[in-house]
Amino acid sequence: MAGPKVFWKGPTLAAGLALAALAAVAVLAHWLAPSDPDKIDILQRLAAPGPGQWLGRDALGRDLLSRMIYGAQVSLAVGLTAALGSTLVGSLLGAVSGYLGGWVDEVIMRCADVLMCIPGLFLVLTLIVVLGPGITNVVLVIIFTGWTDIARLVRGEVLSLKSREFVLAARASGAHPARILFRHVLPNAMAPVYVSLTFGIAGSILMESGLSFLGLGVQPPTASWGSLLSDGRETLHEAWWMVVFPGLAILVTMLLINQLGEAARRHYDPKEPA
Amino acid sequence: MSALLQVDGLSLGFGDAPDVVHGATFSLEAGQSLGLLGASGSGKSLSALAVLGLLPEACQWRGGRVLFDGQDLALLDAGARRALCGASIGLVFQEPFTALNPLLRVGDQIAEGLRLHKGLDRAAADREAAAWLERVGLAPGASRARQYPHQFSGGMRQRALLAMALACGPRLLICDEPTTALDATVQAQMLELLRRLQRDLGFALLMISHDLAVIRAVAGRAVVMEAGQVVEAGAVDSILQDPQSGAARRLMDAYAVL
């Protein structure tokens, strides 16, 4: 039999380190950013990349590198909290739904069906318009619309696990249903959830960027990668750097996270060799 | 002497279909052994699950009573039933590869019941679990307890399951085909272990099997089930020598072919 699979190796290790570095940059933005991201210097308006302003300046003369470093905070924080939130909500609802069955299952799953049959972007936009733009609302809306896939996934796993013999044995031993669910059933259902979580982070970052691009996410003067892209759109003809660098940041982050997600999928797939 | 386990006219069924267990009646005295013999689908496992209150959701209780130590199990609420059955009825399943939680250390799975029913603290439960592993022949217990199920062979897992089922000192042990998935040598060791433990600890044993030899190895009395009904009951040796029911004869004939 082959030894245990090693997760952190090769490209996955590289991607993990790169993301850790990115996260460190975001956390340490205050010390790493070369200048105040909101400091306006109208004389330097749309200055091209060069010494002292390595990624150029925007239409108000603000340093793009500093704004991107601070923007990483928003993008990563929203991506993480929204994905973790929808994973948590989805796992709990899915587990309860699958384990208890009956009317509880019906209610939860029909709610999921309703949410899933409304086109995602339409639902998100409508809710943001109703709740008002802002970063907290973006997170809440992503959680509200994003838990359904995870819930279905976990429910399916729980349904197949709850008739397994070790679960019956735990029931026979007189353990409380909540204990059985959280100690014996749910941990065994988590492998596909970890995979889904990784892709969920990528999806949430993208969603935040999209909403901020449309002006429904972060509000000026705060920057996120999406809002920087949006700002850049107005001056695209004069300042290519305003869209290229934020776009690259989003693209590279997506690739790195997807590398982790794909590695996680392979890691938990029994048919994949180590 | 009143029986420890009394199953009285038990009827179970699914949906609108006819009963899959129909009027099953058998009883087991404290400290004794009873074999529940029958082909696959004869309703023997379902009867055992009914005793434990582990029937699948779709299965309906259509009649009869199950008395454990004189108490009607159907009349207990969920909490009382868990307290009674968890501590005093042990269960060993057929399939050793799915009967242990793959994510928990073997010792922790044995200790779980001890902490729940005997109120032991973590350290005491861990020591007790290790002692149990040694008692079922998995020495050294302390290091075996720290291993995960995938590090155990089928026979070792079945021993661990036995330790798990017996750790709380149950008065009744239900074994659902505990040796079917094991090869002949391991099977014989397992049955020998079961006999020895029963002699030492004095629990009653309900052995469910389609295998006459297994039943004969551990039980003096047996009931034969076919199509959900008890068709024959009596001493195992007399069933073997002079089977009265078609079901018992067919099992004997099939055995003779092998």
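Two strands are said to pair if DSSP finds at least two bridges between them, and the strands themselves (E, at least two residues), like the helices (H or I, at least four), are DSSP runs numbered from the N terminus. This is a predicted model, in which local features need pLDDT of at least 70 and side-chain atom pairs count only at pLDDT 80 or more, while totals for chains, interfaces and linings use all residues. Residues are numbered from 1 along each chain as its sequence is written, and chains are lettered from A and ligands numbered from 1 in the order in which they are written.

**Chain B as a whole**

Chain B contains 10 helices and 10 strands. Its radius of gyration, taken over C-alpha atoms, is compared with a globule rule of 2.2 Å times the number of residues to the power 0.38. The radius of gyration of chain B is 18 Å, close to the 18 Å that this rule gives for 258 residues, so chain B is as compact as a globular protein of that length. The C-alpha trace spans about 50 × 45 × 35 Å along its principal axes. Of the 258 residues in chain B, 47% are buried, a residue being buried if 20 or more other C-beta atoms, placed from the backbone, lie within 10 Å of its own. Contacts are counted where the C-beta atoms of two residues, placed from the backbone, lie within 7 Å; among those in chain B with a separation of 6 or more, 66% join residues 24 or more positions apart.

The domain assignment, whose bounds come from an automatic or database source, divides chain B into domain 1 (5-99 + 171-257) and domain 2 (101-151). The C-alpha centres of these two domains of chain B lie 27 Å apart.

**The sheet and strand β9**

An open sheet of six strands runs in the order β6-β7-β8-β3-β9-β10 in chain B, with mixed pairing. Because β6 (89-92) and β10 of chain B stand at the edges with a single partner strand each, one side of each is left without a neighbour in the sheet. The twist averages 15° from one strand to the next, axes being lines fitted to C-alpha atoms, for helices over the stretch in contact, and angles running from 0 to 180 degrees between N-to-C directions. Helix α6 (residues 154-166) of chain B packs on the sheet, where it touches β6 and β7 (172-176), and its direction makes about 170° with that of β6(B).

Strand β9 (residues 221-226) of chain B has six of its six residues buried. The buried residues B:R221, B:V223 and B:M225 lie on one side, and B:A222, B:V224 and B:E226, also buried, on the other. The table sets out the pairing of β9(B).

| Partner of β9(B) | Sense | Bridges |
|---|---|---|
| β3(B), residues 33-38 | parallel | five bridges |
| β10(B), residues 229-235 | antiparallel | six bridges |

B:A222 stands opposite B:G35 and also has B:G234 in β10(B) as a bridge partner, while B:M225 is partnered by B:V230 in β10(B). The hairpin of β9(B) and β10(B) has two residues between the strands, and there B:A227 takes a positive phi near 50°.

**The side facing chain A**

In chain B, 21 residues are in contact with 14 residues of chain A. On this side, α2 (78-88) and α3 (106-118) of chain B each supply at least two residues, and α2(B) gives the most, with five.

Terms used: A residue is buried if 20 or more other C-beta atoms lie within 10 Å of its own, exposed if 12 or fewer, and partly exposed in between; C-beta atoms are placed from the backbone.
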